Amino acid sequence: MSLYRLHINGQIRQVEAAPDTPLLWVLRDSLDLAGTKYGCGVGACGACTVHLNGVPTRSCMTPVATVGLKKVLTIEGLDAQASHPLQQAWVELDVPQCGYCQAGQIMTAAALLKENPKPSDADIDGAMSGNLCRCATYLRIRAGIHRAAEISAQAAAVAVKAPVSRKAKPQAKEGV
Ligand code: FES
Ligand code: FES
């Protein structure tokens with residue numbers, strides 16, 4: 001067993017583990033971050049997807065000894081209020097069925113939207129092709145990603161307009 005310092009969801013965490021322990025088990029068993037799921041254990045399903053320095057990564061295939069202080073982001077850290085545009089869209093469109101694969105789906109989709117804020121169907125299908133869903137929610141996942149892109153664009157437009165509207169607010173005249 002060795003001691004590792006890991007950067008998880010913005011915090012430095014210490015864990016003791018054998019060097020070849022997959023990051024997935026460190027997250028789930030040592031750090032109680034059970035949102036990341038075990039599906040196949042061989043890198044084939046995407047259920048265990050987390051971000052390592054922003055890159056979607058199979059945590060079942062990532063030995064803890066190789067992680068170092070790369071920034072690990074799990075579904076729990078995606079948004080403090082669990083209201084990332086993808087999470088909002090997922091609720092709005094009722095995307096999950098059993099839900100098992102969905103944390104991995106959302107993490108892969110989050111990386112896609114960061115790279116490509118307005119993906120086409122083909123972009124989505126390409127980026128998401130490694131994330132399997134036994135309930136076959138693929139069409140809702142695709143719709144959810146489009147909806148999340150809209151939510152993000154609307155939020156960005158509001159953020160740009162906000163200072164302008166404050167400036168435009170009429171000043172009260174002296175003595176009125
Ligand atoms: S559990 Fe990691 S890819 Fe399936
Ligand atoms: S929602 Fe059931 S496996 Fe994807």
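Predicted model: local features only at pLDDT ≥ 70, side-chain atom pairs only at ≥ 80, totals over all residues.
Visitor: In what order do the helices and strands of the chain run from the N terminus on?
Guide: The chain contains five helices and five strands. From the N terminus on, their order is β-β-α-β-β-β-α-α-α-α.

Visitor: Why is the chain described as more spread out than a compact globule, and what is its radius of gyration?
Guide: For 176 residues the globule rule gives 16 Å. The chain is well over that figure, so it is more spread out than a compact globule, with a radius of gyration of 20 Å. Along the principal axes, the C-alpha trace spans about 75 × 40 × 25 Å. The value asked for is therefore 20 Å.

Visitor: How far apart do the C-alpha centres of domain 1 and domain 2 lie?
Guide: Domain 1 covers 1-77 and domain 2 covers 79-165. The distance between their C-alpha centres is 22 Å.

Visitor: Which element gives the largest share of the side of domain 1 that touches domain 2?
Guide: Contact between the domains involves 15 residues of domain 1 and 12 residues of domain 2. On the domain 1 side, at least two residues each come from β3 (49-52) and β4 (55-58). The largest share, three residues, is that of β3.

How values were computed. Residues numbered from 1 in each chain as written. Chains lettered and ligands numbered in written order. Domains from an automatic or database assignment. Contact = placed C-beta atoms within 7 Å. Helix = DSSP H or I, 4+ residues; strand = E, 2+ residues; numbered from the N terminus. Rg over C-alpha atoms; globule rule 2.2 N^0.38 Å.
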